[in-house]
Amino acid sequence: MPEFAEVRFKGTRKDYFACQPGALQPGSWVMVEAERGRDLGRVTALGAIAERKCSSSGGCATPEPSRKILRQALADEIRHVSQLRTDEDRVRAMARDKVAAHRLKMKVTEAEWQFDRKKLIIYFTAERRVDFRALVRDLARTFRTRIELRQIGVRDEAAMLGGVGRCGRELCCSTWLPSLRPVSLQLAKDQRLSLNPSQISGCCGRLMCCLKYEHDAYVRARRRFPREGRSVNTSLGRQKVVAVDIWSETVTLLAGDGARRKVTLKELKKEVSGVPRGKRSD
């Protein structure tokens, strides 16, 4: 029975194919079936791992992929791909000139040849929908192949082009992050981060993907603390929780006379446990 194989192409583009079990290893260059032709990519996952990744990405509409891996790629074919990647610089520059000539409000991000040159994908970003029918006809006459213009978002653009983040490392989305997940402002709020967009946004201008990495740990840690604004009965009387610090495990309390004090979470729990049940908090 055929098994799943994840094959990555240029940038972050990937797809899933069927192959014979045991015939390939991760990292192998392979020739695969493509729309109206053949394409060449590199195997990044096999078997159950590839099947799980396909399911999580929503790319598995059928029990097994409809297209197959034809065979392992030859050395000459791998060298040919390198030549295609070099030629894509010329294609990208010409596509930008065509966009300017047609006066379209779109930015060409990248270009990608299919291995057999029967298809050319041009990725672009735009703030709104663009009528590029005339542009497609012009590009088809210029490059004499089937043209696909694919609009992508700014996060996909950053993943495709790469770069260096605020941390000084290469962007997660362009290196190891398997897929882009939604990132909400609530993640920053839960972690008590600055809500200044310049502080929590990545190169793409959207919220940084890494806000998700430690979010669950913050949520679990905060469950051990009383909520801010809650009143608790302590050994010094009723006091209001005004701040918590999960790193130092301290709680700042405000008394009715305006006096503030900081206690450890362990000390607060001892104080609250010493108050008769039913009078501990509001």
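**Figure 1. The hairpin of β10 and β11, with E249 at a positive phi near 55 degrees.** Four residues lie between the two strands of this hairpin. Strand β10 (residues 237-245) runs antiparallel to strand β11 (residues 250-255), and six bridges join them. Within this pairing, A243 stands opposite T252 of β11. Helices (H or I, at least four residues) and strands (E, at least two) are DSSP runs, numbered from the N terminus; two strands are taken to pair if DSSP finds at least two bridges between them. The model is predicted: local features need pLDDT of at least 70, side-chain atom pairs count only at pLDDT 80 or more, and totals for chains, interfaces and linings use all residues. Residues are numbered from 1 along each chain as its sequence is written, and side-chain values use heavy atoms, with hydrogens and water left out.

**Figure 2. The hairpin of β9 and β10.** Strand β9 (residues 231-234) pairs with β10 in the antiparallel sense over four bridges. Two residues lie between the strands, and T234 has G237 of β10 as its bridge partner.

**Figure 3. A93 in helix α2.** Helix α2 spans residues 75-101 and includes A93. The relative accessible area of A93 is 39%, so this residue is partly exposed (buried means under 20%, exposed over 50%, partly exposed in between; 1.4 Å probe, protein chains only). A93 and A111 are separated by 18 residues in sequence and by 9.4 Å in space, C-alpha to C-alpha.

**Figure 4. The largest pocket, with a volume of about 710 Å³.** A pocket is an open set of points, on a 1 Å grid over the protein atoms alone, where a 1.4 Å probe fits, with protein on both sides within 12 Å along at least five of seven lines; lining residues have an atom within 4 Å of a point. Grid points are joined across faces, edges and corners, and a volume is the space filled by probe spheres set on the points. Of the 32 lining residues, T12, R13, K14, D15 and R150 lie nearest the centre of the largest pocket. Elements supplying at least two lining residues each are β2 (14-19), β3 (29-34), β6 (107-113), β7 (119-125) and α4 (154-161); β2 contributes the largest share, four residues. The lining comprises 15 nonpolar, five polar and 12 charged residues (Ala, Val, Leu, Ile, Met, Phe, Trp, Tyr, Cys and Pro count as nonpolar, Asp, Glu, Lys and Arg as charged, and the others, Gly among them, as polar).
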